[in-house]
Amino acid sequence: MNRSGTAHDIAVVGAGAAGALTALRLLHNAAVGNPVVGNAAVGPPAPVRIWLIDPETTGRGLAFGTDEPHHLLNVPAGRMSAHRDDPGHFVRWLGDRGGEHDFVPRGLFGRYLAETLEAVSNRGDVPALVRVPDRVVSIGHRPESAASPLSLRLRGGQSLDVDAAVLALGNFAPGLAWAPPALRDSETFLADPWASGALTKVPEDRDVLLVGTGLTMVDMALSLQRPGRVVHALSRHGLIPQPHATTPVLAPAAPELDTHAGLAALRRAVLRHIAHCRRVHGDWRAGVDSLRPVTSALWQQLSPADQARLLAQNLRLWETHRHRIPPSSAKALRTAVDTGLVSIGRGVVANAKTAADTPGDVVEVQLDNGRRLRVGAVLNCTGSEADLTRIDDCLVTHLLDTGLGSPAPVGGGFDTTARGRLRPAGDRAPAPLWTLGSLRRGNLLETTAIPEIRCQADDLALLLLDRSAVRTPGEAAPAHREGV
């Protein structure tokens, strides 16, 4: 693939929300002149070129690819700007199109990202943005090369040499380890309910089982509920996402917490803080939201053993209160439950078999408590797979096999430096590869919401536009961070 040998080429692999935000901030920061591309040690600034590689539509991805009007953002529009330095940008975009400014459809946000990136890329003062409708299947690293140390091989057979790359791979399909073989092999099993056309395979006249009771369950239950059908939703804990407050709740300052006394003491301190906020501010949400700026730092202070215990014992309860749903979605789900259209409870799938009297049409699912459900479809709503060793993705597999990347010790995703650079396996030289979003979960814990990804994208853009910093394996601390 043609490219100039003098350009500073940066590839963004993946054009979903994380990729679109990264490309946008690269263009923006290059235009306003924040970074210095080149310095006295390496010569004058080189022209910058951004390659955005993905065969899918820009800005959509798994989270924002839905067009269902009742699949809403789980964050108010006022906190969803693509620009950390312009928090009202998304609200103004909505206003220009006559949209509301609360919890808007997720597909609308995907459109916003695509249009915003296109508008910026068409300006005359930004670097070139080259859109490549293909997938990266492997990456070659030449550590001895002063120019273009990365070679990205595309599924179509071409290769692209670049100076640095950001892996914005987004969320992967849900894991399958929980599903017994008989269920996985059944035509009634929908392994990924977000796959294109998946819901068209659900029989109209049969009950449905949703395994998992998180955010995906809410969307699927609201899509599939109808008279004459019961949508059963089950998980190990039976916990569902809590609703946002009907009126905004202002979070107080982050509390002073540390982990020196261990996980048990930290749990007690967090619960005391939330109880205090409920007494003072009238809402537990104020306490939970005040922890947002310090959650990742507390996570990093825990030992790997305590991190593993937190994931096993506390993560689900935390997520149901931290990642909330719009009040309208909560009301709709509550109505569906009250009218018998949706049933939510605790249960684990122990076995499954096709009913003998209706072969291929109904699956009988046996739960760990002995209960049996006969349904026409089972939807995997357990959430994105985080364990990279279980992900069916050729690029991820290649990075692990070659040692260019390694799994985080606990929690999933890649092991990364403080600024998101992939840590290689063993004594291999680190490649100029960075990542953001859900692929940093093991290092940050809180890294899947747009406010966090927006900050990561901006920090990466400032770093990668500095040619000397890209060539240096070590990294300085980020210039600034936004409390979100």
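Partly exposed here means a relative accessible area between the buried limit, under 20%, and the exposed limit, over 50%. The model on screen is predicted.

Start in helix H9, residues 304-313, and select Arg 309 and Asp 306, which lie three residues apart, about one turn of the helix. Their side chains meet in a salt bridge, 2.5 Å from N to O. Arg 309 has a relative accessible area of 40%, so it counts as partly exposed. Asp 306, at 12%, is buried. Elsewhere, a network of salt bridges with shared partners joins Arg 25, Arg 84, Asp 85, Asp 458 and Asp 459.

Next, select Asp 289 and Arg 324. This salt bridge has its closest N and O atoms 3.0 Å apart. It links distant parts of the chain, 35 residues apart: Asp 289 is in helix H7 (284-290), and Arg 324 is in the loop between helix H10 (315-322) and helix H11 (327-338). Asp 289 is partly exposed at 22%, whereas Arg 324 is buried at 4%.

Then go to Glu 115 and Arg 97, a salt bridge with a closest N to O distance of 3.1 Å. Glu 115 sits in helix H3 (106-121), and Arg 97 in the loop between helix H2 (89-96) and H3. The whole structure holds 26 salt bridges.

Last, select Glu 385, in the loop between strand S15 (377-380) and helix H12 (394-402). Does a buried or an exposed site hold this residue? Glu 385 is buried, yet has no salt bridge; Arg 390, the nearest side chain of opposite charge, is 4.5 Å away. The Glu 385 side chain reaches the backbone nitrogen of Asp 387 at 3.0 Å. Residues that Glu 385 touches include Phe 172, Pro 174 and Ile 391.

Notes:
Residues numbered from 1 in each chain as written. Predicted model: local features only at pLDDT ≥ 70, side-chain atom pairs only at ≥ 80, totals over all residues. Heavy atoms only, no water. Helix = DSSP H or I, 4+ residues; strand = E, 2+ residues; numbered from the N terminus. Buried < 20%, exposed > 50% of the residue type's maximum accessible area, 1.4 Å probe, protein only. Lys, Arg positive; Asp, Glu negative; His and termini not counted. Salt bridge = Lys/Arg side-chain N within 4 Å of Asp/Glu carboxyl O. Polar contact = N/O pair within 3.5 Å; in protein donor to acceptor, adjacent residues only side chain to side chain. Contact = heavy atoms within 4.5 Å. Lists of a residue's contacts leave out its neighbours within four places in sequence.
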